[in-house]
Amino acid sequence: MQARRKVAILYHFMHPDDVVSAQHLDGLAEDLTAQGWLVEALPCNRGCRDETKTYRRHEVHNGVTYNRVSRPRFRQASFFGRLANSCWMIAKWTGLALRPQSRRPDLVIVGTDPMFGALVAIPLRLLAPNIKLVHWCFDLHPEAAEVSGTVAQTSAALKAVKAAMRMAYRRYDAIVDIGVCMRRLLRLYDHGARELELTPWALVEPEQPTSQDAEVRRELFGDARVGVLYSGNFGEAHDHEQILRLARRLRHRPDIHFCFAVRGNRADALKAAVTEEDTNISFAGFAPIEMLEKRLGSADIHMASLFPEWSGVAVPSKFFGSLATGRPVLYAGPQDSAIANWIDRYDIGWTLTPETLDLVASQLEEASNHPKTLASIQQRCFETYQTQFSRAKVTGEWNRLVEASLAD
């Protein structure tokens with residue numbers, strides 16, 4: 001009988017941490033295991049939000065073998081702490097190439113946490129050239145530091161890191177992106193690897209469009225006919241200006257209400273920008289995962305946003321959660337981004353820019369006046385998620401990618 005082929009997944013935080021991206025890597029590990037691969041995950045042994053917490057070094061969970069890397073307590077909240085963590089994890093992961101041949105993985109999937117973690121491809125390719133290497137890119141480093149202003153665009157350090165990342169990307173057999181705008185930025189590295197777009201799925205996948213919970217809906221939107229919800233992280237990549245302009249344009253329509261249930265380092269700036277005159281805007285607390293389906297289902301439309309300069313560097317994952325519940329997306333972001341492209345391709349929402357502000361405002365009024373039109377859009381969103389973005393669809397594509405990579 002042929003031995004099961006071995007797949008290793010390298011990501012900073014995984015089970016039992018509840019970080020959203022960690023849950024995606026856990027899901028991928030479990031689904032590849034179900035497809036017959038022998039999957040080993042090598043996250044660190046520390047908690048993401050509580051660094052004092054440590055987990056067992058070795059554990060088997062849902063068929064996946066977790067061999068956690070013992071990591072010092074460098075502060076993940078500081079840049080130099082994150083850098084130290086990254087160096088530590090890359091050094092430890094390099095040990096995969098030093099294992100006896102019988103214990104080496106056949107294929108390694110590398111995520112984008114810790115930052116610059118993709119650099120592990122350089123020593124792995126050098127020391128174990130037969131291991132197939134695949135990178136799943138959720139966000140780009142050092143581009144994120146560049147657009148956030150953490151490093152100057154002309155700095156020697158930035159140029160050196162980009163040169164190192166170019167060297168790393170060229171070692172991969174395949175690079176998986178999560179949208180066309182990210183692929184454009186990755187191609188600037190002239191990596192030459194196989195390309196594939198595989199998006200993160202929604203953490204909650206209802207079997208049908210989520211019905212509304214009357215109590216939660218009243219709590220978020222009062223008696224409004226149309227509830228528009230922004231739920232999730234609101235960080236440095238997220239823009240509120242266009243959404244507030246739209247809400248103010250619709251202030252004469254109290255039956256269209258905007259609610260923000262957010263956390264993150266720009267949430268305070270958002271709250272400070274809302275005035276007493278913004279009577280059609282309110283805030284709610286952040287929803288825990290067990291309440292998420294009910295919260296998301298209480299809205300008619302979901303919001304997402306991205307500053308234009310962040311296009312391709314990051315892709316708001318809440319987009320997929322919205323579609324999974326059967327809700328269209330009001331997206332304040334650049335027209336050439338992946339989300340705007342999907343909205344246009346599948347007719348599943350609105351892209352809000354200074355140029356489309358009046359058009360989007362009139363279309364939301366139209367949707368409020370004709371509930372059947374809105375219900376039709378919601379059904380289309382649900383069906384689009386099931387056929388294009390669901391976990392089964394994405395991890396099935398992953399299984400085919402692993403097969404093809406090992407067959408090369």
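1. A cavity here is a set of points, on a 1 Å grid over the protein atoms alone, where a 1.4 Å probe fits but cannot get out; a pocket is an open set with protein on both sides within 12 Å along at least five of seven lines, and lining residues have an atom within 4 Å of a point. Grid points are joined across faces, edges and corners, and a volume is the space filled by probe spheres set on them.

2. Please bear in mind that the model is predicted: local features need pLDDT of at least 70 and side-chain atom pairs 80 or more, while totals for chains, interfaces and linings use all residues. Residues are numbered from 1 along each chain as its sequence is written, and side-chain values use heavy atoms, without hydrogens and water.

3. The structure holds one cavity of 30 Å³ or more. The largest cavity has a volume of about 40 Å³, and its lining includes Thr112, Phe116, His135, Asp139, His141 and Tyr169.

4. The second largest pocket has a volume of about 240 Å³. Of its 14 lining residues, Ile343, Gly349, Trp350, Thr351 and Gln363 lie nearest the centre. Helices H12 (338-346), H13 (357-369) and H14 (371-389) and strand S14 (349-352) each supply at least two residues of this lining; helices (H or I, at least four residues) and strands (E, at least two) are DSSP runs, numbered from the N terminus.

5. Glu276 sits in the loop between helix H9 (267-273) and strand S11 (281-283). Is Glu276 buried or exposed? Its relative accessibility is 75%, so Glu276 counts as exposed (over 50% relative accessible area, with a 1.4 Å probe and protein chains only).

Technical notes
Buried < 20%, exposed > 50% of the residue type's maximum accessible area, 1.4 Å probe, protein only.
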